Amino acid sequence: MEFNVKKLASDAGVFFSRAMQFTEEKLGQAEKTELDAHFENLLARADCTKNWTEKILRQTEVLLQPNPSARVEEFLYEKLDRKVPSRVTNGELLAQYMTEAANDFGPGTPYGKTLIKVGETQRRLGAAEREFIHSASINFLTPLRNFLEGDWRTISKERRILQNRRLDLDACKARLKKAKAAEAKAACEGDLWSDEVEKAEHELRLTQTEFDRQAEVTRLLLEGISSTHVNHLRCLHEFVESQTNYYAQCYQFMLDLQKQLGGSKGELFSGTFVGNADSTSPAAAPSPPAVAAATLPAVPTIPVVPTIGGVPNTVAEGVLNPNEVKPPTSGTRKARVLYDYEAADSTELALLADEMITVYSLPGMDPDWLIGERGNQKGKVPVTYLELLS
């Protein structure tokens, strides 16, 4: 018990000495041991790394889970060391609602069929989002958390110890300075102050050794920040790769959906094009050879002329090159291109996003395609890449 009391008194004395030294330094009444410039740069770099890592971690969590309540729940599960329960993504929930609505409206109706198609795509998008969140959490968020909760805590602990060692060192320097000043004034009591000076010098040597040892330990930890940057760089590359794969999947899913809906979308306005062409344009009426070919019985020995882009033989026969097709006198419309499109062959027209072209339909054409004109250029264009204007 006596030892504990002495230790408590000794610790209280050390704490008081440090507090006095710290206060005098803040008031400018005591000298402070300055660290070398390289060490100060290491400290600044470490603080910068910690601050930005925290910000990047928090904002990435917001990106992956915008719902603050869900983030709090995940945080609590993590602190309790329990597995976070699986949560349905917004896309999967939307897919569920669309499927249920389609069943109520009738899966055989046009609206019901479209709801089912869109719902299936939303389900695939939700699954891709879940996979991306899982991958980003493991490959990116976890290393950042490990740094803040592991390496940074160790660095902070050693920095606090170094700060205490520095305060002890400067306090010993101050005591030695006072002892030497007192020794110079009291020459008659030289032996007494000589003992005090020797004691202060001995304490200074001990505190200097402890400070140098702690400074070296802290320096090594701070220099390890470079390895942390390398590790975080690798994790960042993995995060970008996961995000790239996720958005590529989403883009492909939406392209597939766009193609599935292209036919029904073409049916909505193809009637307008073809109807206008039939009623106002001589080119809309089938030519006599075409009518004759359509009414003749099929002869197995005669080869079938292949179609072009869904245009039946009655239209394609003899007019294989879209450049030879003459636009109707009416029934043409302006259209804005939504996406870039590369022509698959010479019968198609390459498109650039946001450009304006003239489009029209021909009798019997596949509703997913139109004839597009841009200056002297002409060719087939996909309907799903266009926004029709009045």
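Which residues make a nonpolar surface patch of about 280 Å²? In this predicted model, the patch is made by Val88, Leu93 and Tyr97, where a patch is assembled from residues with over 30% relative accessible area and no salt bridge, like charges being joined within 9 Å and nonpolar side chains (Val, Leu, Ile, Met, Phe, Trp, Tyr) within 5 Å. Tyr97 is found in helix α4, which covers residues 90-105, and with a relative accessibility of 49% Tyr97 counts as partly exposed; buried here means under 20% relative accessible area, exposed means over 50%, and partly exposed lies in between (1.4 Å probe, protein chains only).

Because the model is predicted, local features need pLDDT of at least 70 and side-chain atom pairs count only at pLDDT 80 or more, whereas totals for chains, interfaces and linings use all residues. Residues are numbered from 1 along each chain as its sequence is written, and side-chain values use heavy atoms, with hydrogens and water left out.

The secondary structure of the protein chain comes to 9 helices and 5 strands, helices (H or I, at least four residues) and strands (E, at least two) being DSSP runs numbered from the N terminus. Along the sequence the elements follow the pattern α-α-α-α-α-α-α-α-α-β-β-β-β-β. Of the 390 residues in the protein chain, 33% are buried, and the accessible surface comes to about 24400 Å², with 58% of this area belonging to carbon and sulfur atoms; accessible areas come from the Shrake-Rupley method with a 1.4 Å probe, and for residues only the protein chains shown count as cover. Among the contacts in the protein chain with a separation of 6 or more, 70% are accounted for by residues 24 or more positions apart, a contact meaning heavy atoms within 4.5 Å. A separate pair of positions illustrates the relation between sequence and space: Val14 and Asn164 are 150 residues apart along the chain, and their C-alpha atoms are separated by 9.6 Å. Val14 has its place in helix α1 (residues 2-26) and is partly exposed, with a relative accessible area of 32%.

The 5 strands form an open sheet with antiparallel pairing, in the order β4-β3-β2-β1-β5, two strands being taken as paired if DSSP finds at least two bridges between them. The edge strands are β4 (377-382) and β5 (386-388), each of which pairs on one side only. On average, and with direction ignored, neighbouring strands of this sheet are turned by 40 degrees against each other; the axes are lines fitted to C-alpha atoms, for helices over the stretch in contact, and angles run from 0 to 180 degrees between N-to-C directions. Strand β1 (residues 333-337) pairs with strand β2 (residues 356-360) in the antiparallel sense over 4 bridges, and β1 also pairs with β5 in the antiparallel sense, over 3 bridges. Ala335 takes part in both pairings, standing opposite Ile357 in β2 and having Leu388 as its bridge partner in β5.

Side chains of opposite charge can pair when their charged atoms come close. The structure holds 16 salt bridges, each defined as a side-chain nitrogen of Lys or Arg within 4 Å of a carboxyl oxygen of Asp or Glu. In one of them, Asp47 is paired with Arg159, the closest N and O atoms being 2.7 Å apart. This pair links distant parts of the chain, with Asp47 in helix α2 (residues 37-64) and Arg159 in helix α5 (residues 110-185), 112 residues apart. Asp47 is partly exposed at a relative accessible area of 28%, and Arg159 is likewise partly exposed, at 23%.

Glu92 forms a salt bridge with Arg130, for which the closest N and O atoms are 2.4 Å apart. Since Glu92 lies in helix α4 and Arg130 in helix α5, the pair ties together parts that are 38 residues apart in sequence. Glu92 is buried, with a relative accessible area of 18%, whereas Arg130 is partly exposed, with a relative accessible area of 31%.

A further salt bridge, between Arg219 and Glu216, has its closest N and O atoms 4.0 Å apart. Both residues lie in helix α6 (residues 190-223), 3 residues apart, about one turn of the helix. Arg219 counts as buried at 19% relative accessibility, while Glu216 counts as partly exposed at 42%. Together with Asp36, Glu216 and Arg219 are linked in a network of salt bridges.
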